[in-house]
Amino acid sequence: MSWYEFDENEPVECRCGWKGPPSVGIEIYKHCFAYECPECGRTLAVFSPPTIEETKKKAAEGNEKAKAELASALQRESFMDRATASELTSAEQLPDLEGDEIVIEWDFEDREDPNGDNWTVLRHESREIWREIAYYEGLERYSDVATILIEKYGDRLVGFPATPASRLYLYGDDIRNDPVRPLNERLARNRKER
Ligand SMILES: [Zn+2]
């Protein structure tokens, strides 16, 4: 069953004996929505988040849930378009840098107006070398950018720290797998012996 066919007002019964509308126990995970029994925590139903096409289609068909979600889905779609277009995609977009021990900082700039975007800013010796739209919990993006930096600067890259200002947005609630520390430990081995 799809998210939009599911009637969350229709009472369901759990094996523990709890009965009620499933909407009281919804959990929104990164890759799914799940209804859980508020009494015993058993999963009652799991859905993949609807795609934007599905939301548009169902809203056009008059589905109330889809109509209610359409505005935020469209907002999300336009954000994703802007963010993807702003991404660093190739080593050629980065400047040539001098030196044998290059440290690039992953920094963060808050949106200036409330409807604007947040920015990830890459800095070398406090000079901005790249900026792109920041993703909340963008740890995967951090790793992708790291790969491009390594491609560009090779073993001259000795650090890619995330500044304190960037950390809240970068990690969000996702503190379980941290790519920043292991990557920086690995890059630190590129430092030349003295
Ligand atoms: Zn239960």
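Two strands are said to pair if DSSP finds at least two bridges between them. By that criterion, strand 6 and strand 7 (residues 119-124) are an antiparallel pair, joined by six bridges. The structure discussed here is a predicted model, and its protein chain is divided into domain 1 (12-84) and domain 2 (88-188). The C-alpha centres of domain 1 and domain 2 lie 32 Å apart.

Three strands make up an open sheet in the order 3-4-5, with antiparallel pairing. Strand 3 (26-28) and strand 5 (43-47) stand at the edges of the sheet, and because each has a single partner strand, one side of each is left without a neighbour there. On average, and with direction ignored, neighbouring strands of this sheet are turned by 20° against each other.

Strand 3 is joined to strand 4 (residues 33-36) by three bridges, and the bridge partners in strand 4 include phenylalanine 33 for isoleucine 28 and alanine 34 for glutamate 27. On the other pairing of strand 4, four bridges connect it with strand 5 in the antiparallel sense, and here alanine 34 has valine 46 as its bridge partner. Strand 4 and strand 5 also form a hairpin with six residues between them, and glycine 41, which lies in the turn, has a positive phi of about 85°.

**Strands 6, 7 and 9**

In the antiparallel pairing of strand 6 with strand 7, glutamate 109 has tryptophan 119 as its bridge partner. Strand 6 (residues 102-109) also pairs with strand 9 (residues 157-159), in this case in the parallel sense and over two bridges, with leucine 157 of strand 9 as the bridge partner of isoleucine 102.

The bridge counts and senses of the pairings described above are collected here.

| Strand pair | Sense | Bridges |
|---|---|---|
| Strand 3 and strand 4 | antiparallel | three bridges |
| Strand 4 and strand 5 | antiparallel | four bridges |
| Strand 6 and strand 7 | antiparallel | six bridges |
| Strand 6 and strand 9 | parallel | two bridges |

The loop between strand 6 and strand 7 contains aspartate 113. Aspartate 113 counts as exposed because it has 6 C-beta neighbours inside 10 Å, where the cut-off for an exposed residue is 12 or fewer.

Helix 1 (residues 52-60) and helix 2 (residues 64-86) pack at an angle of about 145°, their axes being 9 Å apart, and helix 1 passes helix 2 in a left-handed crossing. On the helix 1 side the contact is made by Ile52, Thr55, Lys58 and Ala59, and on the helix 2 side by Ala66, Lys67, Glu69, Leu70, Ala73 and Glu77.

The largest nonpolar core has 13 residues, and those with the most contacts inside it are Tyr142, Ala146, Leu149 and Phe160. Strand 6, helix 3 (139-153) and helix 5 (180-188) are the elements that give two or more residues to this core, and helix 3 gives the most, with five residues. With residues up to four places away in sequence not counted, tyrosine 142 touches Trp106, Ala162, Leu170, Pro179 and Val180. In soluble globular proteins, nonpolar side chains tend to be buried together.

Definitions and conventions:
Residues numbered from 1 in each chain as written. Predicted model: local features only at pLDDT ≥ 70, side-chain atom pairs only at ≥ 80, totals over all residues. Domains from an automatic or database assignment. Axes fitted to C-alpha atoms, helices over the stretch in contact; angles between N-to-C directions. Buried ≥ 20, exposed ≤ 12 C-beta atoms within 10 Å, placed from the backbone. Core = buried A, V, L, I, M, F, W, Y, C linked by C-beta atoms within 7 Å. Contact = placed C-beta atoms within 7 Å. Left-handed = near helix turned anticlockwise from the far one by under 90°.
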